Amino acid sequence: MTASPSAIQSAAEILCAGGLVAFPTETVYGLGADATNGRAVAAIFAAKGRPSFNPLIVHVPDIKAARALCQWSDAADDLAAAFWPGPLSLVMPLRADTPLSELVSAGLPSVALRIPDHPAALALLRATDRPIAAPSANPSGRISPTTAAHVLAGLQDKIDAILDDGSCAVGVESTIVGLTDTPRLLRPGGVATSDLERALGSPLSAPKPGISAPGQIASHYAPSASVRLNARAARDGELFLGFGDISGDLNLSPSADLSEAAANLFACLHTLDAKSAPIAVAPIPESGLGRAVNDRLRRAAAPRA
Ligand code: TXA
Ligand code: MG
């Protein structure tokens with residue numbers, strides 16, 4: 001349904017009753033459930049076919065709601081002031097009196113929180129007046145959805161409603177920063193690392209090897225076809241995803257704009273994947289949002305488990 005005020009109200013009622021609602025954010029479409037309702041959160045894992053050790057991001061409408069769920073810190077203050085609402089998730093220690101289902105954090109003593117920069121998402125969060133857990137609204141391991149049609153293609157018979165508000169402006173998931181000890185980059189995403197470091201006034205640490213963002217399994221975001229990276233041209237039978245001057249069947253950004261490439265990435269992969277041929281991708285610079293684009297591409301290209 002189109003994200004009208006009455007649709008948002010019905011979507012909020014479905015969420016409060018324990019249902020699943022897919023909704024737009026500025027990054028990708030999320031598959032939302034009431035984060036205080038364990039059965040509703042479990043339904044997310046079931047719908048996505050997601051490994052249950054993988055914790056979810058909790059969405060809130062304002063900083064007050066975020067502070068009610070975690071042990072807030074000065075670093076959180078700095079980053080929230082600079083980037084919320086926006087494509088940044090902060091992982092913080094849980095409060096002892098947390099109302100969140102433990103499934104949300106998959107047993108970890110921390111929670112990932114974010115305020116999305118999207119009017120329909122914010123209206124939905126205010127209307128439910130409770131924290132909403134929402135991973136990307138795609139079957140686990142597949143390409144993230146940046147339109148309502150992508151969501152329906154993967155999850156149509158598994159969700160109770162979808163709010164349709166066109167395509168997502170940022171197009172890659174939020175950057176995740178861990179604030180449980182020294183600030184760490186857990187996943188590159190919609191906010192560039194250099195901008196985060198400027199706001200913090202210090203460099204971000206690397207993730208601790210092996211843990212921290214369990215969702216960071218290698219084969220992820222995968223089209224059904226094989227993906228070959230840093231290609232200069234298509235080989236026989238391949239579809240080519242271009243960038244800048246290297247054009248192809250599709251081009252992530254003819255003007256070599258990395259923000260545009262991020263916004264187009266998943267839609268391009270969906271379009272090429274529908275043609276069931278191997279995909280080759282032009283080199284993307286490892287700077288700014290190019291880091292997030294390359295991270296997603298490397299996962300799309302990784303051998304399947
Ligand atoms: O842009 C986004 O972040 C989108 C939209 C819908 O908001 N959501 C999203 O969620 O990408 P998801 O579930 O696909 O990715 C969640 C990531 C996973 O890599 C997970 O492991 C990590 O967040 N994560 C969640 N809670 C965590 C925690 N307590 N500690 C470490 N990593 C956590
Ligand atoms: Mg995802």
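**Figure 1. Helix α9 is mostly covered, with 9 of its 12 residues buried.** The model shown here is predicted: local features require pLDDT of at least 70 and side-chain atom pairs count only at pLDDT 80 or more, while totals for chains, interfaces and linings use all residues; side-chain values use heavy atoms, with hydrogens and water left out. Residues are numbered from 1 along each chain as its sequence is written, and chains are lettered from A and ligands numbered from 1 in the order in which they are written. Helices (H or I, at least four residues) and strands (E, at least two) are DSSP runs numbered from the N terminus. Buried denotes under 20% relative accessible area, exposed over 50%, and partly exposed in between (1.4 Å probe, protein chains only). The buried residues of α9 are G290, A292, V293, N294, D295, R296, L297, R299 and A300. Their cover includes strands β9 (184-187), β10 (227-228) and β13 (279-281), together with helix α8 (258-273). The 12 residues of α9 (residues 290-301) should span 16 Å at 1.5 Å a residue, and the end C-alpha atoms are 16 Å apart, which agrees; the expected span is 1.5 Å times one less than the number of residues.

**Figure 2. Helices α8 and α9 pack at an angle of about 30°, with their axes 9 Å apart.** α8 is therefore roughly parallel to α9. Angles under 35 degrees count as roughly parallel, over 145 as roughly antiparallel, 65 to 115 as roughly perpendicular and the rest as oblique. Axes are lines fitted to C-alpha atoms, for helices over the stretch in contact, and angles run from 0 to 180 degrees between N-to-C directions. α8 and α9 cross in a left-handed manner; a crossing is left-handed if the near helix is turned anticlockwise from the far one by less than a right angle, and right-handed if clockwise. L258, A261, A262, L265 and F266 of α8 meet G290, V293, R296 and L297 of α9, contact being defined by heavy atoms within 4.5 Å.

Figure 3. A256 is partly exposed, at 42% relative accessibility.

**Figure 4. N251 lies in strand β12 (residues 250-251).** With a relative accessible area of 18%, N251 is buried. Leaving aside neighbours within four places in sequence, N251 is in contact with L241, G242, F243, G244, I246 and N264. N251 and A261 are 10 residues apart in sequence, and their C-alpha atoms are 8.3 Å apart in space.

**Figure 5. In the largest nonpolar core, of 48 residues, V58, L79, W84, L88, L90 and L113 touch the most other members.** A nonpolar core is a set of buried Ala, Val, Leu, Ile, Met, Phe, Trp, Tyr and Cys residues joined through side-chain atoms within 4.5 Å. Two or more residues each come from β2 (30-34), α2 (38-48), α4 (74-83), β4 (88-93), β5 (110-114), α6 (148-155) and α7 (193-200). The greatest contribution, 5 residues, is that of α2. Another core, of 30 residues, lies apart from this one and includes I143, A277, I284 and A292. Beyond its neighbours within four places in sequence, V58 is in contact with A35, L69, L100, V104, V111, A112, L113, R114, P131, I132 and A133.

**Figure 6. The axes of α4 and α7 come within 9 Å and cross at roughly 125°.** This angle makes α4 oblique to α7. The crossing of the two helices is right-handed. A75, D78, L79, A82 and F83 of α4 make the contact with D195, L196, A199 and L200 of α7. In the loop between α4 and β4 lies P85, which is joined to W84 by a cis peptide bond with omega of about -10°.

**Figure 7. Helix α1 (residues 5-16) packs against helix α5 (residues 119-128) at an angle of about 50°, with axes 9 Å apart.** The two helices are therefore oblique to each other, and α1 passes α5 in a right-handed crossing. From α1, I8, Q9, A11, A12, L15 and C16 meet A120, A123, L124, A127 and T128 of α5.
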